[in-house]
Amino acid sequence: ERISTVVSALERLSVHKLIEANQKAVACDPTLLQPQYNLGLGHLYLGNAAEMVPCFRRVTEIDPQHAGGHYHLAVGLLALGENEEARTHLGTAMSLGWKPQPELIKAIEKQGQSHSHDHEHELVTLPSQGNPTKQDKET
């Protein structure tokens, strides 16, 4: 258990370094898509929906056809309780060819049934089906 704690701490440190490097790239050129996307993934890994949503929102502004940006934006929005907007972005991602995990679709449907916007939800950290790196490169 101690080893897994150390590994987890090292992974978080690496993610923080990834975030820092990509923040510098975005500061130099806010129109760069990949650093915005990487920032969002870093915040997703850390479970920080409030930070990841603006990153993926910017990705979809830079490239409205970026399926991964819409998908991950939907994940963050769901975590923040923004269910209708999450549903919209998930639909856009799927129409662009993204294949979401069935659990995310169920979570959005469940939240839609409860109509709850009063509180944040636990961040859903579901990977895409298959190899997300390959799918991200295709979008």
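Tutor: Start with H5: its buried residues are Asn 83, Ala 86, His 89, Leu 90 and Ala 93. Buried means under 20% relative accessible area, exposed over 50%, partly exposed in between (1.4 Å probe, protein chains only).

Student: Which side of H5 are they on, the same or opposite ones?
Tutor: The same side of H5, because they cover an arc of only 125° around the axis. That arc is taken from the directions from the helix axis to the C-beta atoms.

Student: How many residues has H5, and what does it reach?
Tutor: H5 covers residues 83–95, so to speak 13 residues, and reaches 18 Å from first C-alpha to last. That is close to the 18 Å expected at 1.5 Å a residue. The expected span is 1.5 Å times one less than the number of residues.

Student: What comes just after H5?
Tutor: Gly 97, with a positive phi of about 105°.

Student: Before I go on, what are the ground rules here?
Tutor: This is a predicted model: local features need pLDDT of at least 70, side-chain atom pairs count only at pLDDT 80 or more, and totals for chains, interfaces and linings use all residues. Residues are numbered from 1 along each chain as its sequence is written, and side-chain values use heavy atoms, with hydrogens and water left out.

Student: How many helices and strands are there in the protein?
Tutor: 7 helices and 0 strands. Both are DSSP runs, numbered from the N terminus: helices are H or I with at least four residues, strands E with at least two.

Student: What fraction of the protein is buried?
Tutor: 40% of the 139 residues.

Student: And the accessible surface, what does that come to?
Tutor: About 8000 Å², with 54% belonging to carbon and sulfur atoms. The areas come from the Shrake-Rupley method with a 1.4 Å probe; for residues, only the protein chains shown count as cover.

Student: New topic. How many aromatic pairs does the structure hold?
Tutor: It holds 2. Rings of Phe, Tyr and Trp (its six-membered ring) pair if their centres lie within 6.5 Å; planes under 30 degrees apart are stacked, over 60 edge-to-face, the rest tilted. In one, the rings of Tyr 37 and Phe 56 have centres 5.4 Å apart and planes at 75°, so that pair is edge-to-face.

Student: Where do Tyr 37 and Phe 56 lie?
Tutor: Tyr 37 is in helix H2 (residues 33–46) and Phe 56 in helix H3, so the pair ties together parts 19 residues apart in sequence. Tyr 37 and Phe 56 are both buried.

Student: Which other residues form an aromatic pair?
Tutor: Tyr 71 and Trp 98, stacked, at 5.0 Å centre to centre with 25° between the planes. Tyr 71 sits in helix H4 (residues 67–79) and Trp 98 in the loop between H5 and helix H6 (102–114), 27 residues apart.

Student: Are those two buried or exposed?
Tutor: Tyr 71 is buried, at 0% relative accessible area. Trp 98 is buried too, at 2%.

Student: What does His 72 touch?
Tutor: His 72 lies in helix H4. Leaving out residues up to four places away in sequence, His 72 touches Tyr 37, Leu 41, Leu 44, Met 52, Phe 56 and Trp 98. Contact means heavy atoms within 4.5 Å. His 72 counts as buried, at 6% relative accessibility.
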